[in-house]
Amino acid sequence: MNEAIPSMPSPMGHIMVDLETMSTGSNAAIVAIGAVEFDLNTGQADRTFYCNVHLQSCIEAGLQLDGNTVYWWMSQEDEARKRLLENPAPLSEALAMFSEFVAACGGREAQVWGNSARFDLGILHDAYRALNLPLPWHFRNERDVRTLVAFAPHIKEQQQRVGVQHDALDDCYHQIAYCAAIWRALSASAPLL
């Protein structure tokens, strides 16, 4: 399911990204890209992006599968697995649409969040490189969910899960909820420089 991208710019400034992949390596084949524009201070979400990616197009681009990850996917909820089969786009199309989404949400100035420095954003970076496409955000604006969580892990642990686990878009919303809660707690406890 490829969702439309509004054309009006937004001042939110942050984009949460979540990928579903067929490997855990940096050159992983991507099967879904989810992203949500949000305000870190409030947790308010705005525009969304979701695109399933045709697995064969990833393989043709040189991205990799890992047997353990494929087996792991076989044990996940039916709902999460079935969604991956809905209207997949070729990798080149998916990345082009994602670049348009990032541009609409602040472009190279947007702060782009992913789980760890080398997973979501690193895998996307390698996919763009595999197709000789420019990265739509500036590398200095990459933000790490796991680093933020390390400052207050209890907040993430207490965050009630809503939606389907391992659905890229639902995972983005969940990550936004606990990241904003952690940010507010940190902001309230100490003055930020």
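In this predicted model, the mean positions of the 13 positive and 23 negative charges of the chain are 5 Å apart. The chain exposes about 9,600 Å², and carbon and sulfur atoms supply 54% of that area.

**Overall form**

The chain has 193 residues, and because a compact globule of that length would have a radius of gyration near 16 Å, the value of 16 Å found here agrees with such a form. Along the principal axes, the C-alpha trace spans about 50 × 35 × 25 Å. Buried residues make up 47% of the 193 residues, and among the contacts in the chain with a separation of 6 or more, 74% are accounted for by residues 24 or more positions apart.

The secondary structure comes to eight helices and five strands, and when the chain is followed from the N terminus, these elements run in the order β-β-β-α-α-α-α-β-α-β-α-α-α.

**Strands S2 and S3**

Strand S2, which covers residues 30-38, runs antiparallel to S3 and is joined to S3 by six bridges. At one place in this pairing, Ile 33 stands opposite Cys 51 in S3. The hairpin that the two strands form has six residues between them, and within this hairpin Gly 43 takes a positive phi near 80 degrees. Strand S3 itself, residues 45-52, is largely enclosed by the rest of the structure, because six of its eight residues are buried.

Asp 18 lies in strand S1, which is made up of residues 14-21, and with a relative accessibility of 6% Asp 18 counts as buried, since the cut-off for buried is under 20%. When residues up to four places away in sequence are not counted, Asp 18 touches Ala 32, Ile 33, Gly 34, Asp 120, Ala 168, Asp 171, Cys 172 and Gln 175. Ile 33 of this list is the residue that stands opposite Cys 51 in S3.

Leu 84, by contrast, is found in a loop, the one between helix H3 (78-83) and helix H4 (91-104), yet Leu 84 also counts as buried, at 12% relative accessibility. Leaving aside neighbours within four places in sequence, Leu 84 is in contact with Glu 20, Val 31, Ala 32, Tyr 50, Asn 52 and Trp 73.

| Residue pair | Separation in sequence | C-alpha to C-alpha distance |
|---|---|---|
| Leu 84 and Ala 168 | 84 residues | 9.5 Å |
| Asp 18 and Ala 94 | 76 residues | 14 Å |

**Positive phi values in two loops**

Asn 132 has a positive phi of about 55 degrees, although Asn 132 is not a glycine. The place of Asn 132 is in the loop between helix H5 (116-130) and strand S5 (142-144), and at 72% relative accessibility Asn 132 counts as exposed, the cut-off for exposed being over 50%.

His 166 is another residue other than glycine with a positive phi, here near 70 degrees, and His 166 lies in the loop between helix H7 (153-158) and helix H8 (168-189).

Conventions
Residues numbered from 1 in each chain as written. Predicted model: local features only at pLDDT ≥ 70, side-chain atom pairs only at ≥ 80, totals over all residues. Heavy atoms only, no water. Buried < 20%, exposed > 50% of the residue type's maximum accessible area, 1.4 Å probe, protein only. Helix = DSSP H or I, 4+ residues; strand = E, 2+ residues; numbered from the N terminus. Pairing = 2+ DSSP bridges. Rg over C-alpha atoms; globule rule 2.2 N^0.38 Å. Contact = heavy atoms within 4.5 Å. Areas by Shrake-Rupley, 256 points an atom, 1.4 Å probe, with all protein chains shown as cover. Lys, Arg positive; Asp, Glu negative; His and termini not counted. Charge placed at Lys NZ, Arg CZ, Asp CG, Glu CD.
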